[in-house]
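User: I have a model open and would like to talk it through with you. Can we go from the whole chain down to single residues?

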Amino acid sequence: MLNSSDVSSTLDHINLSDRKFTVLAAAIARENGEDVGTGSLSRSTVHRKRSLHRSMIETDVREEFRTRSKSVAVIHWDGKIMENSTDKNNPKAATDRLAVVRFKKAWPNIDQTVYRPLDDPRVDDPSDPFLQELKHATVSFLQNMLLAKSGYMPREDYREVTELCLLILNTSVCDQPYSFRAPGAYHLARWMAKLNYSFKIYLFRDQFKVTPKELKSLREFCLFASLIYVKAWIAAPVTCDAATNDLVLFREICQYARINKAVADAARQKLEKHLWYISPELISFALFSEKVPVSEKRSIVRAMSQAGDDWSDRAIKLEDCTDLAVKELHALVAASSTSALRSIGIDISFLHVDPETWNDLPAYVQAKSVIGAIKVVNDSAERSVALMSTFNKSITKSETEMQTLLQVVEDNRKRIPDSQKSTLTSYKTRGSADSAGSSTRT
């Protein structure tokens, strides 16, 4: 059985230890009438075989990566010290999880057909149409995302938060009664889980007892998240729109101060630490956005021409946010804006042609394809952190073996992403270790 690399890597994928697999294999062998005592089934044999397979698969993965055609590569760094949410000495974690734990217990008794959307009078205030405009833009955007079945949603929790946001804003999602998902895992590293839980708790606030203080906090959170944050979150992976999306988000947060200054100030201060894509070095990505009007693209090109092409003047992060809310994209251009395009092999000859005709130019089309393929969100890094958290010391305590294990698990997840029959009958297999291993039947 363990002569197969796929069996070995699947054991790693499902996080099954050598000891547990040995017990399982013995039970299967005995059920099939085999004599376990005369075979070579042992924990040490299983460990040796799995280590051999990991080494072979890692070698294959490295070689495939080395020989793959790749003109641009992006590395996302993400480091976290995970808080222990069960730590009694951590009052924040206990408070943060309290309503979630209560809600999960109450879920079986909640009538999912009876829920109440957001009913904040500020949304319909005729004297200030700001929130009305946000609501209209958000609903239109999210409905288009669902109807288009766009690839912007990498996971089902993205779709769920989109649907819950529409329900919060009193907009139907489908013709049939909406089927809510049962509350799932809650983790401090998963911001999406907090959104989903907050939306559900608020929708069912008439059936789930919350304190006046909790209700007020939930209402303020859901108002800001549904009208401003979710739309920006869902649109974030679109590389060409990253600069204009970030600038629009910053402006909306600043305007939100007249609705709730405390929330707006906290969100603005957080966003100011992550304005990578409106930095001078990456502002040129906006040239490839369909959201940026031709007139503004002309201004960006003009500013790039005036600023020159000096790679020594690095500016990878926007440090000065003074008056950012009233600035246009071209005002953020610097000498490194043109150099950044050159550094990733972009043919910038299209800059000498009027933007009105760019879509007809092969150089521009190729450049847009390259820019669009760059990842601007750190989902990959987040998944790596989650992967390490899951497998840390669960199968091996060796640092070298751990690095190999992570490569094997990631490879197996890519080849076998789900348990559907169509996947199980067609995934790409890895080679066996018959020639390298012994004749054991394990």
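This is a predicted model: local features need pLDDT of at least 70, side-chain atom pairs count only at pLDDT 80 or more; totals for chains, interfaces and linings use all residues.

User: How many helices and strands does the protein chain have?

Analyst: The protein chain has 16 helices and 0 strands, where helices (H or I, at least four residues) and strands (E, at least two) are DSSP runs numbered from the N terminus.

User: And what share of the residues counts as buried?

Analyst: Of the 442 residues, 43% count as buried, meaning under 20% relative accessible area, with exposed being over 50% and partly exposed in between (1.4 Å probe, protein chains only).

User: Let's zoom in on α1 and α3, then; at what angle do their axes cross?

Analyst: The axes of α1 (residues 5-13) and α3 (residues 43-67) cross at roughly 100° and come within 9 Å, with axes being lines fitted to C-alpha atoms, for helices over the stretch in contact, and angles running from 0 to 180 degrees between N-to-C directions. The two helices are therefore roughly perpendicular, a label for 65 to 115 degrees, whereas under 35 counts as roughly parallel, over 145 as roughly antiparallel and the rest as oblique.

User: Which residues meet there?

Analyst: From α1 they are S5, S8, S9, L11 and D12, and from α3 they are R50, H53, R54 and I57, contact meaning heavy atoms within 4.5 Å.

User: Switching topic: where is E252, and is it buried or exposed?

Analyst: E252 is in helix α9 (residues 242-256) and is buried, with a relative accessible area of 12%. Leaving out residues up to four places away in sequence, E252 touches F130, L134, I228 and K231.

User: What about E163, buried or exposed?

Analyst: E163, found in helix α6 (residues 156-168), is buried, with a relative accessible area of 15%. With residues up to four places away in sequence again left out, E163 touches L146, V173 and Y178.

Key: Residues are numbered from 1 along each chain as its sequence is written. Side-chain values use heavy atoms; hydrogens and water are left out.
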